[in-house]
Amino acid sequence: MSSATLQDDPSVESFFNAVETETLALFEHLSFEFLEGFDVFAPAETGRTRDLEPPEMMRGFLHCYYKNIYGIRPVARELNNTVVWLSCSFDRPPSRDAVDRFLTDLEHVVDRVFDHLVEQAALRGLLDLTYSIDSTDVRAMPADPDALKCYDPTDDEYYYGYGCTIVSTGQKIPIAAEFTESKQAPEETAMRVTRDALAVGKPMWMLGDSAYDTLDWHDHLLAAGVVPVAPYNPRNTDDPKDIEYRVEDRIEKHSNDVQLKQSTLDETYNRRSGVERTNESVKGCGLGRTHARGRVHARAQVFLALCLRLVVAITNYERGDNPGSTIITV
């Protein structure tokens with residue numbers, strides 16, 4: 001093809017125009033080559049290699065989720081757009097079977113991919129000293145046979161789907177999560193997600209609403225040197241304590257020289273709105289409503305949404321020092 005023909009080719013013009021788009025910025029500062037280290041993506045024992053490599057497929061899915069494109073068929077259609085598959089570094093457009101196969105394999109390691117991206121956020125200093133934990137709803141398609149009718153106490157309504165418990169910090173950054181059967185997760189889920197969050201880094205404060213007013217949660221955090229701040233819930237006790245936060249009682253019982261002012265606890269708890277902003281932001285990445293059938297596929301979509309939120313946060317951090325750079329919104 002001559003240079004004159006190249007200049008007149010509308011697809012080439014579109015490609016170079018797309019170089020300035022937001023989704024390409026997502027791939028500027030992060031390498032996805034680490035995916036090749038997972039056994040699930042290793043070549044078959046017969047020696048047959050993959051038609052398309054995991055890093056390219058991951059970039060393709062992140063592009064689609066950023067554009068609110070979900071589901072095997074819609075993703076495959078989008079990745080057959082010349083501009084898109086070139087910008088995601090494919091040698092050729094992927095087939096629907098290739099898209100389906102990658103997502104099926106990713107389901108086995110998507111939580112480890114999430115953990116890797118959390119580490120990248122931590123290395124960049126994007127975590128702060130206040131963590132917040134909260135649960136959110138995940139709406140499902142009516143055709144999903146594994147979803148349940150769930151109750152959302154926040155909005156006092158029922159919905160069909162699942163739930164997700166998230167610990168977040170910094171500028172809407174999720175650092176630990178668990179996919180659950182409903183929004184109202186059991187205490188063991190809260191404990192597991194809390195432990196995962198502390199494995200990333202130790203904060204000064206951990207905030208939660210009254211659903212986290214449990215002795216085990218408080219004592220585990222205090223033993224780790226973290227101050228839990230959750231409103232006291234008297235529940236069905238006949239002799240409620242005269243406290244606003246459960247931590248007041250735990251400190252009184254276990255320490256003689258530590259004091260926390262009520263105003264300090266109030267001011268700290270007011271920061272809990274950050275996790276709600278994180279939830280809304282991750283829903284904008286695809287967590288809010290799954291477009292998959294079955295719990296396994298739904299869980300993969302939820303963690304992909306969490307991964308996208310981390311990629312967006314890291315991209316904004318990296319581009320923030322460059323005058324004129326576009327800050328990506330989600």
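Where is Ser89 found? Ser89 sits in the loop between α6 (82–87) and α7. Helices here (H or I, at least four residues) and strands (E, at least two) are DSSP runs, numbered from the N terminus.

Before I go on, a word on what we're looking at. This is a predicted model, where local features need pLDDT of at least 70, side-chain atom pairs count only at pLDDT 80 or more, and totals for chains, interfaces and linings use all residues. Residues are numbered from 1 along each chain as its sequence is written, and side-chain values use heavy atoms, with hydrogens and water left out.

Okay, back to Ser89. Its phi is near 75 degrees, a positive value in a residue other than glycine. Most residues other than glycine have a negative phi. Ser89 has a relative accessible area of 38%, so it is partly exposed. Buried means under 20% relative accessible area, exposed over 50%, and partly exposed in between, using a 1.4 Å probe and protein chains only.

Lys172 is another one to look at, with a positive phi near 60 degrees. You'll find Lys172 in the loop between β3 and β4 (173–180), and at 29% relative accessibility it counts as partly exposed.

Now the overall picture. The protein chain has 14 helices and six strands, and of its 330 residues, 49% count as buried.

So what about the core? The largest nonpolar core has 81 residues. By nonpolar core I mean a set of buried Ala, Val, Leu, Ile, Met, Phe, Trp, Tyr and Cys residues joined through side-chain atoms within 4.5 Å. Met58, Phe61, Leu106 and Val113 are among the residues with the most contacts inside it. Helix α14 (residues 295–319) gives the most to this core, with 14 residues. Apart from it lies another core of nine residues, including Val227 and Tyr269.

Staying with α14, 19 of its 25 residues are buried. At 1.5 Å a residue, those 25 residues should span 36 Å, and the end C-alpha atoms are 36 Å apart, so the two agree. The expected span is 1.5 Å times one less than the number of residues.

Next up, α4 (residues 54–66), where 13 of 13 residues are buried. Helix α4 packs against α7 (residues 96–106) at an angle of about 95 degrees, with the axes 11 Å apart. That makes α4 roughly perpendicular to α7, a label for angles of 65 to 115 degrees. The axes are lines fitted to C-alpha atoms over the stretch in contact, and angles run from 0 to 180 degrees between N-to-C directions.

Which residues meet there? Pro54, Met57, Met58 and Phe61 in α4 meet Ala98, Val99, Phe102, Leu103 and Leu106 in α7. Contact, by the way, means heavy atoms within 4.5 Å.

Last stop, two buried residues. Tyr159 lies in strand β3 (residues 157–169) and is buried, with a relative accessible area of 4%. Tyr159 and Asp137 are 22 residues apart in sequence and 8.4 Å apart in space, C-alpha to C-alpha. Thr189, in helix α9 (residues 187–200), counts as buried at 4% relative accessibility. Leaving aside neighbours within four places in sequence, Thr189 is in contact with Thr165, Glu178 and Thr180.

Conventions
Parallel < 35°, antiparallel > 145°, perpendicular 65-115°, else oblique.
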